[in-house]
Amino acid sequence: MRKHWSKFFAVSAVCLGLMGALSSPASAGMGTGIGISIPTGGGSKASASSKTYAAFRAKNIAEELTVEDRHGRLLMEFKVTNVGDTPYTVSHRNGQVYDFAILDKNGKTLYRWSDGMAFTQALTTTTIDAHKSEVYQAELDRKAYRQLKDDAVLVTAWLADTPYVLSTNLPDRTAGSSSSAVIHGGIILGNGRWAYDD
């Protein structure tokens with residue numbers, strides 16, 4: 001058990017060092033990513049809900065992704081905060097502002113929030129005022145979540161027409177067992193999404 005936690009702390013220290021390197025403005029034409037796993041506390045019996053979380057900051061934008069398994073439903077929340085002193089504006093190619101996706105271990109998309117939706121094809125913009133946030137949410141009901149849960153590994157979220165994709169593992173619920181909570185997260189920088197998308 002001591003070896004297991006040592007590995008977590010070693011990986012966490014390396015990943016935190018890498019995240020520190022991202023504090024300067026990032027620009028990339030190709031995608032690259034980092035991940036992190038941090039133990040957050042002692043063991044306890046599994047509750048009716050469990051969460052995973054990821055966050056990062058680039059330039060004047062901070063993004064947070066929270067994914068919660070609540071009584072068999074999957075709740076996804078993507079928060080974008082303008083930490084700068086001037087408005088942050090993104091120009092969009094159409095009416096879609098954000099998206100969520102759930103991927104399997106090979107990077108194949110099992111679910112995408114925007115599938116089947118119609119968006120205006122006119123150019124649009126999103127503006128977040130200084131020191132303000134926008135929160136975007138999506139939910140999978142019990143039936144839909146049950147159908148893909150066995151294959152699902154990762155939840156991703158992004159603001160459309162920006163180079164950042166935030167990701168976190170799906171919550172892990174093991175009824176009646178004792179385990180520590182772990183924060184999992186990662187970001188992808190660049191214009192690509194994921195290598196094996198369909």
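Some ground rules come before the tour. Residues are numbered from 1 along each chain as its sequence is written, and side-chain values use heavy atoms, with hydrogens and water left out. Because the model is predicted, local features need pLDDT of at least 70 and side-chain atom pairs count only at pLDDT 80 or more, while totals for chains, interfaces and linings use all residues.

Start with charge. Side chains of opposite charge can pair when their charged atoms come close. Here, a salt bridge means a side-chain nitrogen of Lys or Arg within 4 Å of a carboxyl oxygen of Asp or Glu. The structure holds four of them.

Look at Asp69 and Lys149. Their closest N and O atoms are 3.2 Å apart. This pair links distant parts of the chain, 80 residues apart. Asp69 sits in strand β4, and Lys149 in the loop between α2 (142-148) and β11 (152-159). Helices (H or I, at least four residues) and strands (E, at least two) are DSSP runs, numbered from the N terminus. Is Asp69 buried or exposed? Asp69 is buried, with a relative accessible area of 0%. Lys149 is partly exposed, at 34%. The cut-offs are these: buried is under 20% relative accessible area, exposed is over 50%, and partly exposed is in between (1.4 Å probe, protein chains only).

Now move to Arg73 and Glu139. Their side chains form a salt bridge at 2.8 Å, N to O. Arg73 belongs to strand β5 and Glu139 to strand β10, 66 residues apart, so this pair too links distant parts of the chain. Arg73 is partly exposed at 22%. Glu139 is partly exposed at 44%.

Next come Arg93 and Asp161. The N to O distance in their salt bridge is 2.6 Å. Both residues lie in loops: Arg93 between β6 (88-92) and β7 (98-104), Asp161 between β11 and β12 (164-169). The pair therefore ties together parts that are 68 residues apart in sequence. Arg93 counts as exposed, at 62% relative accessibility. Asp161 is partly exposed, at 28%.

Finish with the backbone. Which loop holds His71? His71 lies between β4 (61-70) and β5 (73-82). Its phi is positive, about 55 degrees, although His71 is not a glycine. At 44% relative accessibility, His71 is partly exposed. His131 also has a positive phi, about 60 degrees, and is not a glycine. Its loop runs between β9 (124-128) and β10 (133-140).
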